[in-house]
Amino acid sequence: ASFGYAIAQGEVGADEDPAQFAFEATALLDAANTRSLLGGSNQPYVFARRALVARLRSAGADVAVVARLADVDDLAA
């Protein structure tokens, strides 16, 4: 729903598919959770965050807004 709102507000490209984005984001986060638990490391969250940031940028999201997501240090926790 949030991505659909972003499309409606012109914050990302109108040609983006909210259901596709939701699937991609969920798949990345599910994979990060599984790999983090199995490996005992937060590194999978770094990879997932990078992928989500790249996906949002490719969708046309505001660089300054996405920077707040990109700047989180998953290894500091």
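Q: What pattern does the chain follow, read along the sequence?
A: The pattern is α-α-α-α. The chain has four helices and zero strands. Keep in mind that this is a predicted model.

Q: And how far does the C-alpha trace span along its principal axes?
A: About 40 × 25 × 15 Å.

Q: How much of the chain is buried?
A: Of the 77 residues, 27% are buried. The chain exposes about 5,100 Å², and carbon and sulfur atoms supply 58% of that area.

Q: Which residues form the largest nonpolar core?
A: There are twelve of them: Phe3, Ala6, Ile7, Val12, Phe21, Ala25, Leu52, Val53, Leu56, Ala59, Ala61 and Val66. Helix 1, helix 2 and helix 3 each supply at least two residues of this core. In soluble globular proteins, nonpolar side chains tend to be buried together.

Q: How many aromatic pairs does the structure hold?
A: One. The ring centres of Phe3 and Phe21 are 4.0 Å apart and the planes are at 5°, so this pair counts as stacked. The cut-off for stacked is planes under 30 degrees apart.

Q: Where do Phe3 and Phe21 sit in the chain?
A: Phe3 is in helix 1 (residues 2-8) and Phe21 is in helix 2 (residues 18-39).

Q: Switching to helix 3: what span should its 16 residues give?
A: At 1.5 Å a residue, helix 3 (residues 43-58) should span 22 Å. The C-alpha atoms at its ends are 23 Å apart, which agrees.

Q: Which residues of helix 3 are buried?
A: Pro44, Val46, Ala48, Arg49, Leu52, Val53, Arg55 and Leu56. Their cover includes helix 1, helix 2 and helix 4 (63-70).

Q: What is Leu52 in contact with?
A: Leaving aside neighbours within four places in sequence, Leu52 contacts Ala25, Leu28 and Leu29.

Q: What follows helix 3?
A: Gly60, whose phi is positive, near 95°.

Q: Now Glu16. Where does it lie?
A: Glu16 is in the loop between helix 1 and helix 2.

Q: Is Glu16 buried or exposed?
A: Glu16 has a relative accessible area of 16%, so it is buried. The cut-off for buried is under 20%.

Q: Which residues does Glu16 touch?
A: Not counting residues up to four places away in sequence, Glu16 touches Phe3, Ile7, Arg55, Ser58 and Ala59. With Arg55, the side chains are joined by a polar contact of 2.8 Å.

Notes
Residues numbered from 1 in each chain as written. Predicted model: local features only at pLDDT ≥ 70, side-chain atom pairs only at ≥ 80, totals over all residues. Heavy atoms only, no water. Phe/Tyr/Trp six-rings, centres within 6.5 Å; stacked < 30°, edge-to-face > 60°. Expected span 1.5 Å × (residues − 1). Buried < 20%, exposed > 50% of the residue type's maximum accessible area, 1.4 Å probe, protein only. Contact = heavy atoms within 4.5 Å. Core = buried A, V, L, I, M, F, W, Y, C linked by side-chain atoms within 4.5 Å. Polar contact = N/O pair within 3.5 Å; in protein donor to acceptor, adjacent residues only side chain to side chain. Areas by Shrake-Rupley, 256 points an atom, 1.4 Å probe, with all protein chains shown as cover.
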